[in-house]
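Please look over the structure shown below before reading on.

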Amino acid sequence: MRRTSYAAAMVEGLRASLASDPHVSLVGSYVLGLGPKRVLMDAIRAEFPDRLYDPPTSEAALVSLGAGAAMAGARPFVDIGTGSFSYVAWSPLVNEAAVARYMSGGRLRVPVVYHLLHALRGGGAAQHSHSPQAMLWNAAGLEIVLPSSPYDVKGLLRSAIKSDNPTVFINHARLMDIEGDVPEGDYSLPFGKADIKRSGRDVTVVATSFVVQTALIAAEELAVEGIEAEVLDPRTLVPFDRATLIDSVRRTGRLVIVDETNLSCGVAAEVAAIVAEDGFEFLRAPIARVTRPDVPTPFSKPLEDAITPSAEKVAAAVRRVLGRRGKGHPRQ
């Protein structure tokens, strides 16, 4: 183990995939966004110049290209870029890539990875801040991956590229600078296996992607008040680890869900539904959600901050389900 950044860990996963399988290629090389970490991709450009393509801006064509190449035997990693741009490619993504294996009776494999950056990144406004994972979850046939740490991004990326199914790999620009312990060697992490990022006995806090980090900050603050919050990261939406979620709620009796998709029909709504159906008898308080409200994302920083799931909002939701008005004050 050594400490490295999320961005560097992702590049390691890409390099390991390219080095181990000649069928792997990259379509689009700005997978780290346009921030300062983008220079980490220079080494891959230099080492694999014939397997990296920076295409024109045409998301529908890129998604179609990736699906077709995968069906023909390649393993492309296709960078869509900003999550909002995936809407341009919706038909080939959910109506071609997602269903080809099913419609062929399993004869066609579609080992393509579609990569995108989602969520509130600061100044993205209404057209560059979407989190499409809830809508993608509603499109059967796609594996959906949401890493939250350097360790997870490297291991989940290796599994995504090895998968024979179309996979949407969803990153967050604000994760790129996060540091953590990552093995130097190659490894993979299984899909459908949630990770308990912090153990606790008072409340289960489910979070995905960058807001896992937000939930961990909130858990630290709550610990000072004597509240033990268990932070659970599903890591993948498809497949989804229902067993670990229900087991955690069984032990804590309370649930707060944090996510950057919208409140209505978002990831938090589906997680709440799973617990309501499969674990209702374990709940000792109503479920609370901390999400983006159902409004377009404003460009104004104060307004964007107002709709962003924050550690303060998470801590307040935890206190609410525990029956407390504020820090350390029980509700009468």
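In this predicted model, P239 is found in the loop that runs between β12 (236–238) and α9 (242–252). With a relative accessible area of 35%, P239 is partly exposed, and, leaving aside residues up to four places away in sequence, P239 touches F191 and G192. P239 and L142 are 97 residues apart in sequence, while their C-alpha atoms are 9.2 Å apart in space.

**Helix α1**

- Helix α1 covers residues 6–20, and its 15 residues should span 21 Å at 1.5 Å a residue, which agrees with the 21 Å that separates its end C-alpha atoms.
- Most of α1 is covered, since 11 of its 15 residues are buried.
- Among the buried residues of α1 are Y6, A7, A8, A9, M10 and V11, and the list also includes G13, L14, A16, S17 and L18.

**Helix α3**

- Helix α3 (residues 59–71) has 13 residues and reaches 18 Å from its first C-alpha to its last, which is close to the 18 Å expected at 1.5 Å a residue.
- Which residues of α3 are buried? They are E59, L62, V63, G66, A67 and A70, and they cover an arc of only 130 degrees around the axis, which puts them on the same side of α3.
- As a general point, an α-helix has 3.6 residues a turn, so residues three or four places apart point the same way.
- The buried residues of α3 pack against the strands β2 (24–27), β4 (75–82) and β5 (113–117), and also against the helix α4 (90–97).
- After α3 comes G73, whose phi is positive, near 115 degrees.

**The largest pocket**

- The largest pocket holds about 560 Å³ of space, and of the 25 residues that line this pocket, the closest to its centre are Y30, L34, D79, G81 and T82.
- Both α3 and β4 supply at least two residues each to the lining of the largest pocket, and the largest share, 4 residues, comes from β4.
- Sorted by class, the lining of the largest pocket consists of 12 nonpolar, 7 polar and 6 charged residues.

**The second largest pocket**

- The volume of the second largest pocket is about 280 Å³, and among the 19 residues that line this pocket, Y87, H130, S131, M135 and N262 are the closest to its centre.
- Two or more residues of the lining of the second largest pocket come from each of the elements α6 (133–137) and β13 (255–262), and β13 gives the most, with 3 residues.
- By class, 9 residues of the lining of the second largest pocket are nonpolar, 8 are polar and 2 are charged.

**The cavity**

- How many cavities of 30 Å³ or more are there? The count comes to 1, and the largest cavity has a volume of about 50 Å³.
- The lining of the largest cavity is made up of T82, L117, H118, A119, R121, H128, H172 and A173, which divide into 3 nonpolar, 4 polar and 1 charged.
- T82 is listed in the lining of the largest cavity, and T82 is also one of the residues closest to the centre of the largest pocket.

Notes:
Residues are numbered from 1 along each chain as its sequence is written. This is a predicted model: local features need pLDDT of at least 70, side-chain atom pairs count only at pLDDT 80 or more; totals for chains, interfaces and linings use all residues. Side-chain values use heavy atoms; hydrogens and water are left out. The expected span of a helix is 1.5 Å times one less than its number of residues. Buried means under 20% relative accessible area, exposed over 50%, partly exposed in between (1.4 Å probe, protein chains only). The arc is that of the directions from the helix axis to the C-beta atoms. Contact means heavy atoms within 4.5 Å. On a 1 Å grid over the protein atoms alone, a cavity is a set of points where a 1.4 Å probe fits but cannot get out, and a pocket is an open set with protein on both sides within 12 Å along at least five of seven lines; lining residues have an atom within 4 Å of a point. Grid points are joined across faces, edges and corners, and a volume is the space filled by probe spheres set on the points. Ala, Val, Leu, Ile, Met, Phe, Trp, Tyr, Cys and Pro count as nonpolar, Asp, Glu, Lys and Arg as charged, and the others, Gly among them, as polar.
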